[in-house]
Amino acid sequence: MIDIVTALLMAAVLAGTPLLLGALGEILTEKSGNLNLGVEGMMFMGAITGLIGSYCYEQALTAAGIVPNGVISALVALTVSFLAGAFGALIYAFLTITLRANQNVTGLILTIFGTGFGNFFGEYFGLAAGGYVAVSSVTKAAFSPLHIPLLSEIPILGKLLFQYNWMVYFAIALALGMFWFFRVSRFGLNLRAVGEDPAAADAAGINVSRYRYLATVIGGGICGIGGMYMSMVTTSGVWVHGCVTGYGWLAVALVIFATWSPLRGILVAIIFGGLMIMRMYVSIPGLPAQIYDMVPYVATILVLIITSVRQSKEHAMPAGCGLNYFREER
Amino acid sequence: MNEDVPLAVSMEHIYKSFGRVRANVDVRLQLRQGEILALLGENGSGKTTLVNMLSGVYFPDHGEIYVQGRPVTIRSPRDAFDLRIGMIHQHFKLIPVLTAAENIALGLSGSVTLNRKSIHAEVARLAERYGFELDPARKIYDMSVSEKQTVEIIKVLYRGADILILDEPTAVLTPLETEKLFAVLRNMKADGKSIIIITHKLHEVLAISDRVEILRKGEFIATVETATTNQARLTEMMVGRPINLMIERPEASGGPERLELNALTCVDHEGVTTLDDVSFTVYAGEILGIAGIAGSGQRELCEAIVGLNPPTSGSISYSPPHPDLAKTPCEKERIDRLSPGAIARRGISMAFVPEDRLGMGLVASMDITDNVMLRGYRKGKGPFVDRVRPKALAERLIEELEIVTPSTSTSVGRLSGGNVQKVLLGREIAQEPGVLIVAYPVRGLDINSSYKIYDLLNEQKARGVAVVFIGEDLDVLMEISDRLLVLCGGRISGIVDPRAVTKEEVGLMMVHVAGAEGLDSETGSATGEAA
């Protein structure tokens, strides 16, 4: 029994991490007042570029007769996926902040664009590689569970806390850092002000455009890293057509579930992750698999109902979210 | 005042246009060191535009700005702070979910983390120095309007502002709070600060300022010493011609009861009691004024009467005028559980001019004819609407009410505030209502339009309509109403004869319910101030 629960929890954490990364990126973005619905697109862009980045690094070194290094390969994937997500967000930021285009439409376009981008280059490199594109065992090893001496060997607790791949710890550290940023730092306070009421922030001498650009682009980069997790960890370094599909939208829902708090995001991501992989651990006879697949989405609907009924001022979407700002508007 | 006093700010030949609208044309402004300068003008005269160029919100198309004698370029609010200029905007620029201290420290440079303790200490010091009261740890959404204003003022003082600009600071304050604010302003002046205050209330200009600068239609008219002028002369400069500031109040006809509210109580969806045991009667052929601080239940009251927001308990009854004007009164009808549509189907004509004209009253993107049609399109037979009669009515309104518009097919959102209000009020009056409820009907309107609206309301009163006038300007309310009902926190603190009380007494009733005691016996010159 304990084994099943432990396995379920571990799987939940592993499945929840890409959602957490996507949600953290979107929290940062929404706190600046930009409602970027392109999370799925940016995750796709990060997923394919991260994989291809590592793949190209390996190919280049192997061709030169050097043995690729797993850590460097992982760093390449991290950097490239961040840049790809940030690039997607930059398109969004330019359209909404500079050109003041509608945020919802722009976000949806980014999702469609990113999905096509990911699947196109996935197929393209797959064909070029002779069927499918995959990274070598060196890179795979870099994304496999860590073994920390002593800590990982603690019974149960070691398994539950200290045997994940490095990206899980990266995501949690990011959430903690973001929590500190919003709570304590001056820049976090300014960013919250920009998202709540850009006119008030502007009057207080805050450069609204700069904060919005930075938050949106960095947020997009974090979403891209979340996508890279999908292609490197979830599918073990092999490109699977449409591997991110649905995750981006769940990340957007998770932002609401977490009520825009990075800290609550950790918990909620694990819950969502658990709901997604539940069918492999809890089987109810006669219940079709499709019902299990529906559970996260049903939970999202429930959360939306609960949050809209609660109407708390502080655990709500930033008041300026979704609205573009133009100082001389009358 | 001495001509040799150095200038804190000087703006010369300022031009600013928004699209085709010329908001400022060759305007100048001179603020002397350590004085309070009142900037006076009607709505749309360009006062706010002018000072917004000083605070960095707008950038002038042409013109020079000098601060302490040096030419400067102000591109953003940040530049303004650096020049020690601080502006308190009419619509507060505060973040509701943050505390007062966080709002005050917003956007300032400094260490990476915020030292709340030192901010609190500095805020307390400023508050004591100028006579404010403020708890820096409270969230803005918990604060009253005047507390929010205090935060705004401390915010600019905290940034070291020596030149303060206040845009319509008294518009949201009670007379008592206004007095407190003026005391603070005098303290700041004594401390050597230079202050620009924007207002269109003449008696406030005379009470607080050293000099007055007048703008009209975006142009500079004159600057005068306050001590050498009076209300009549200021008005003439502001409007461009002499104007009679008296609002007419024809004798009420003493008509029959029209609308009766009995123990009306409303609780909103958050469980807050917005109206508490409200009972009063409105008679045909009178104007019942309703005074109160913003948010005292005025909106809930309107919406309960017209059927938009059913009351939690209590009743509203309507007594229709008898068709053949016979002596026997018609039967009262309960209307408090009816929707606006159901009320109309019973043949009760209830006219409502809401506070939010373009949100609730009219559809901004539709033209005048369509907006007029909204009231009556259901009446026709068949699946098609009749556009002929609404168009005729729209044309009649444009002519009779002097609505300035290119045509009946101009979308309402593109008209100026006064013209929007005329379309709305005109449409409502055209229904020949039994009850006319108007909420803040002259807000944002210039003097001419305002007086036109007062005339229209008096006309309806003469026709035997029961008029409910919800207002914010006490001077106006006390001049036009036959009876004045004062709301305080959702309760009636009294119904008084506006001819027999003073403005201060009404102001007191607005802040606490017990203030009504003993007022009925007193007599005073209530209307003296605005005359």
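## Domain layout of chain B

Domain bounds here come from an automatic or database domain assignment. On that basis chain B of this predicted model is divided into domain 1 (7-239), domain 2 (246-349 + 432-531) and domain 3 (365-430). The C-alpha centres of domain 2 of chain B and domain 3 of chain B lie 26 Å apart, and the contact takes twelve residues from domain 2 of chain B and eleven residues from domain 3 of chain B.

## Domain 2 against domain 3 in chain B

The size of an interface is often given as the accessible area lost when the parts come together. Between domain 2 of chain B and domain 3 of chain B the buried area is about 960 Å², and carbon and sulfur atoms give 71% of that area.

On the side of domain 2 of chain B that touches domain 3 of chain B, the elements that give two or more residues are strand 17 (435-439) and helix 15 (447-462) of chain B. Helix 15 of chain B provides the largest share of that side, five residues. By class, the residues of the domain 2 side divide into eight nonpolar, two polar and two charged.

## The interface of chain B and chain A

Between the two chains, 36 residues of chain B are in contact with 25 residues of chain A. The area buried between chain B and chain A is about 2600 Å², with carbon and sulfur atoms giving 57% of it. The count of salt bridges between chain B and chain A is zero, while the rule finds eight residue pairs in polar contact across the interface, both residues being at pLDDT 80 or more.

Strand 1 (7-18), helix 2 (77-82) and helix 3 (100-105) of chain B each supply at least two residues of the side of chain B that touches chain A. The largest share of that side, three residues, comes from helix 2 of chain B. The side of chain B that touches chain A has 16 nonpolar, ten polar and ten charged residues.

## Asp336(B), a loop residue

Asp336(B) is placed in the loop between strand 15 (333-334) and helix 10 (340-345) of chain B. Asp336(B) counts as buried because its relative accessibility is 2%, against a cut-off of under 20%. The side chain of Asp336(B) reaches the backbone nitrogen of Ile316(B) at 2.9 Å, and it also makes a polar contact with the side chain of Arg337(B) at 3.3 Å. Leaving aside residues up to four places away in sequence, Asp336(B) touches Pro310(B), Pro311(B), Gly314(B), Ser315(B) and Ile316(B).

Thr96(A) is found in helix 3 (residues 70-98) of chain A, and it is classed as buried because its relative accessible area is 0%. Apart from residues up to four places away in sequence, Thr96(A) touches Asn34(A), Ala101(A), Asn102(A), Gln103(A), Thr106(A) and Asn324(A). The C-alpha atoms of Thr96(A) and Trp166(A), which are 70 residues apart along the chain, are separated by 35 Å.

Leu508(B) belongs to helix 17 (residues 503-511) of chain B. With a relative accessible area of 38%, Leu508(B) is partly exposed, since that class lies between the limits of under 20% for buried and over 50% for exposed. Leu508(B) and Leu114(B) are 394 residues apart in sequence, and their C-alpha atoms are 41 Å apart in space.

Technical notes. Residues numbered from 1 in each chain as written. Chains lettered and ligands numbered in written order. Heavy atoms only, no water. Contact = heavy atoms within 4.5 Å. Buried area = accessible area lost by both parts, 1.4 Å probe. Helix = DSSP H or I, 4+ residues; strand = E, 2+ residues; numbered from the N terminus. Nonpolar A, V, L, I, M, F, W, Y, C, P; charged D, E, K, R; others polar. Buried < 20%, exposed > 50% of the residue type's maximum accessible area, 1.4 Å probe, protein only. Salt bridge = Lys/Arg side-chain N within 4 Å of Asp/Glu carboxyl O. Polar contact = N/O pair within 3.5 Å; in protein donor to acceptor, adjacent residues only side chain to side chain.
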